[in-house]
Amino acid sequence: RAAATKARASLLPRWPQHAMKASYTNVETEEKEELVRSEGEPDDRRETSTSSTCWSQLCCAGGGLLGIRACILGSVVVQNTAYALVRRYSRGALRETYSTSSVLLVMEVAKMALSAFQIVTSDAPSDVPSGSALSKYAYLITHSLTMLVPAVVYLAMNILGFVSLKYIDAATFAILAQMKVFTTAIFSVVLLQRKLHLRKWRALLTLTLGVVLISHEAMPKSAAAGDSRAKLAFAEFLLGIAASVGDVVLSGFVSIYFEKVLKSKTETYSVWDRNFQLAFWSILIYTPIMIHDNPRQPFAGWTPMAAVCAAVGGTGGVLVALSIKYADSIMKTIATTGAIVFTTILNAAFLDGPFTLPIVAGAVVVMVSVCNYNDRGDPES
């Protein structure tokens with residue numbers, strides 16, 4: 001029996017160890033070459049290659065990088081929903097009068113404290129020299145001039161957001177905010193020289209039409225001539241829309257600027273390094289504004305809801321930076337469209353927001369447009 005078994009084994013093909021090792025090496029080399037080739041491909045092909053890599057990681061490594069991205073981007077959706085609702089409730093429903101700059105200052109102080117802790121404990125690649133915590137902080141501050149631009153832009157965006165949510169409902173604000181996809185795409189073409197496929201431009205067109213439909217439906221209805229309340233409501237609505245548009249334009253610009261800075265090849269800084277630098281400049285800007293608003297009591301009018309606004313807003317800055325680091329700014333903006341569903345439903349349920357058929361239809365158009373924008377299209381033959 002042993003002799004027969006040995007004879008059958010001799011008939012089987014033999015694979016030398018070096019051949020087996022070479023086969024694994026070839027597979028690894030082909031994967032690396034594919035990644036290298038994808039770096040030089042157009043954006044549409046690069047998206048396909050990246051997506052394939054992510055899906056293979058999901059199947060082979062139990063989630064891997066894709067799981068991290070999904071977790072971060074899901075958190076962004078929740079944060080965007082909560083931030084719109086709590087600001088609308090605070091400013092629109094409760095009519096609270098606390099200083100906006102004081103809330104923004106608390107947000108930045110919390111973000112700076114978290115970033116300072118992560119800088120000391122994190123092992124992420126960074127050009128910051130090793131040494132004590134104070135030496136690292138000093139180095140980051142002296143090399144933080146590039147973050148002055150986004151600090152100023154975020155100041156304007158946050159103020160415009162509070163103004164907008166004072167005059168328009170949270171659902172309309174959330175849907176208007178999806179025009180960030182449009183402005184982010186435009187700035188990515190202008191600043192990063194990306195090329196967008198024709199189907200993406202079609203998706204941006206339908207996105208704009210959906211936003212126009214919702215804005216028209218949310219507009220205050222015309223009343224009889226001489227009705228001062230109707231005129232005031234219409235003027236406030238236009239002010240809210242204008243503030244939201246300004247917020248959207250600035251958001252598109254700063255997302256691409258922040259992405260370009262975070263992914264710079266001339267210098268290497270971690271997400272926490274950049275957030276620390278951004279918070280430093282923001283605190284320098286917000287402090288004098290807060291004191292100017294109320295010199296004697298800068299935190300006058302503060303309520304628990306103001307503290308909630310500061311907490312939710314503070315997490316947003318960190319989540320935005322993380323999402324840009326692990327994806328690109330357009331993917332982050334696309335992920336936030338999930339906030340449309342939650343914001344629209346919760347706004348109608350708790351804040352007496354509109355929930356008419358045109359609002360629902362417009363929201364669906366916006367969401368489908370964003371999905372179409374992210375569609376890679378049919379595979380090439």
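At 72% relative accessibility, Asp352 counts as exposed, because that value lies over the 50% cut-off. Asp352 sits in the loop between α15 (338–350) and α16 (357–374), and its phi is near 55°, a positive value in a residue other than glycine. The model described here is a predicted one.

Arg95 is placed in the loop between α4 and α5. As background to both residues, most residues other than glycine have a negative phi.

**Overall make-up**

The secondary structure of the protein comes to 16 helices and 0 strands. Of its 381 residues, 42% count as buried. Among contacts between residues at least 6 apart in sequence, 83% join residues at least 24 apart.

**Helix pairs**

Two packed helices are described by the angle between their axes and the distance between the axes. The table lists these values for two pairs.

| Helix pair | Angle between axes | Distance between axes |
|---|---|---|
| α5 and α12 | about 155° | 8 Å |
| α9 and α10 | about 145° | 10 Å |

With an angle of about 155°, α5 is roughly antiparallel to α12, because angles over 145 degrees are classed in that way. The crossing of α5 and α12 is left-handed, and the residues of their contact divide into 16 nonpolar, 7 polar and 4 charged.

Helix α9 covers residues 180–192 and helix α10 covers residues 198–218, and α9 passes α10 in a left-handed crossing. On the α9 side, Val181, Phe182, Ala185, Ile186 and Val189 take part in the contact, where they meet Trp201, Leu204, Leu207 and Thr208 of α10. By class, this contact of α9 with α10 has 8 nonpolar residues, 1 polar residue and no charged residues.

**Nonpolar cores**

In soluble globular proteins, nonpolar side chains tend to be buried together. Which residues of the largest nonpolar core touch the most other members? Of the 43 residues in that core, they are Val103 and Phe276. Helices that each supply at least two residues of this core are α4 (64–93), α5 (100–121), α6 (133–142), α7 (148–167), α11 (228–262), α12 (271–293) and α13 (304–326). Of the contributions to this core, that of α12 is the most, with 11 residues.

Leaving aside residues up to four places away in sequence, Phe276 touches Met112, Ser115, Ala116, Ile119, Tyr137, Leu140 and Ile141. A second, separate core has 26 residues, among them Ile175, Ala203, Ile214 and Val370.

Leu160 is found in helix α7. The C-alpha atoms of Leu160 and Val245 are separated by 9.0 Å, while the two residues are 85 residues apart along the chain.

Definitions and conventions:
Residues are numbered from 1 along each chain as its sequence is written. This is a predicted model: local features need pLDDT of at least 70, side-chain atom pairs count only at pLDDT 80 or more; totals for chains, interfaces and linings use all residues. Side-chain values use heavy atoms; hydrogens and water are left out. Axes are lines fitted to C-alpha atoms, for helices over the stretch in contact, and angles run from 0 to 180 degrees between N-to-C directions. Helices (H or I, at least four residues) and strands (E, at least two) are DSSP runs, numbered from the N terminus. A crossing is left-handed if the near helix is turned anticlockwise from the far one by less than a right angle, and right-handed if clockwise. Contact means heavy atoms within 4.5 Å. Ala, Val, Leu, Ile, Met, Phe, Trp, Tyr, Cys and Pro count as nonpolar, Asp, Glu, Lys and Arg as charged, and the others, Gly among them, as polar. A nonpolar core is a set of buried Ala, Val, Leu, Ile, Met, Phe, Trp, Tyr and Cys residues joined through side-chain atoms within 4.5 Å. Buried means under 20% relative accessible area, exposed over 50%, partly exposed in between (1.4 Å probe, protein chains only). Angles under 35 degrees count as roughly parallel, over 145 as roughly antiparallel, 65 to 115 as roughly perpendicular and the rest as oblique.
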